[in-house]
Amino acid sequence: MEHIYAPWRAKYFEQEIEGCPFCEIALHIKDDEKNFVFYRDEICYGVMNRYPYTPGHILLIPHCHIDSPSNLSALEWAHISAITQKSTVMLEAFGAQGINIGANIKVAGGAGIPEHLHIHLVPRFIGDTNFFTTISECRTYGADFKVVYQKIKALAQTHLS
């Protein structure tokens, strides 16, 4: 597989994280803009994935520090599921032509931050897999991250409130 030069990801690989980054975001409401939080309620919050697969890749994260949906109450899981459903409508309004939804649970499940459950919603677009992906085995991200964040944040006010 070929590798694409993506220097913005260096911070992710080089950082030594003390504690849980999702708990830090949950606790520091004043830093929501800096952390690209676009939605927050009493059970969960929504944040832009800082290392997205496609424009608009978001995460829904419970405030509580748990590693599996099995540790949520039925009410909490139902609430996060409802926000996930509303988020699909929001991403469709953003322009997504399809959406992948999933959670990598624990280390064996492929979670990058295995100690804190998070749900990925990855918008998909016709042509986001093309010759470049097939031949070079890499992807490009063709949008300004902060512009995408502002659009998602505005749409969240309409679709998730």
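**View 1. The buried residues of helix α3.** In this predicted model, His-79, Ile-80, Ile-83, Thr-84, Ser-87, Thr-88, Met-90, Leu-91 and Phe-94 of α3 are buried. These buried residues pack against the strands β1, β2, β3, β4 and β5, and also against helix α5. An α-helix has 3.6 residues a turn, so residues three or four places apart point the same way.

**View 2. Length and end of helix α3.** The helix spans residues 74-94. Its 21 residues reach 30 Å from the first C-alpha to the last, close to the 30 Å expected at 1.5 Å a residue. Gly-95 follows α3, with a positive phi near 125°.

**View 3. The open sheet.** Five strands make up an open sheet, ordered β1-β2-β3-β5-β4, with antiparallel pairing. The edges are held by β1 (37-40) and β4 (98-102); each has a single partner strand, so one side of each is left without a neighbour in the sheet. On average, neighbouring strands are turned by 20° against each other, direction ignored.

**View 4. The β2 and β3 pair.** Strand β2 covers residues 44-48 and strand β3 residues 58-62. The two run antiparallel and are joined by five bridges.

View 5. Helix α3 lies across β1, β2, β3, β4 and β5 (119-124). Its direction runs at about 15° to β5. Helix α5 (residues 145-159) also packs on the sheet, where it touches β1, β2 and β3. The direction of α5 makes about 20° with that of β1.

**View 6. The two faces of helix α5.** With 15 residues, α5 reaches 20 Å from its first C-alpha to its last, close to the 21 Å expected at 1.5 Å a residue. Phe-145, Val-148, Tyr-149, Ile-152, Leu-155 and Ala-156 are buried. They cover an arc of only 135° around the axis, which puts them on the same side of α5. The cover over these buried residues includes β1, β2, β3 and α3. On the face turned away from the buried side sit the exposed residues Lys-146, Gln-157 and Thr-158.

**View 7. The N-terminal cap of helix α5.** Asp-144 caps this end of the helix. One of its side-chain oxygens lies 3.0 Å from the backbone nitrogen of Lys-146. Lys-146 is itself exposed, on the face of α5 turned away from its buried side.

Methods: Residues are numbered from 1 along each chain as its sequence is written. This is a predicted model: local features need pLDDT of at least 70, side-chain atom pairs count only at pLDDT 80 or more; totals for chains, interfaces and linings use all residues. Side-chain values use heavy atoms; hydrogens and water are left out. Two strands pair if DSSP finds at least two bridges between them. Helices (H or I, at least four residues) and strands (E, at least two) are DSSP runs, numbered from the N terminus. Axes are lines fitted to C-alpha atoms, for helices over the stretch in contact, and angles run from 0 to 180 degrees between N-to-C directions. Contact means heavy atoms within 4.5 Å. The expected span of a helix is 1.5 Å times one less than its number of residues. Buried means under 20% relative accessible area, exposed over 50%, partly exposed in between (1.4 Å probe, protein chains only). The arc is that of the directions from the helix axis to the C-beta atoms. A polar contact is a pair of N or O atoms within 3.5 Å; within protein, one must be able to donate a hydrogen and the other to accept it, and residues adjacent in sequence count only if both atoms are side-chain atoms.
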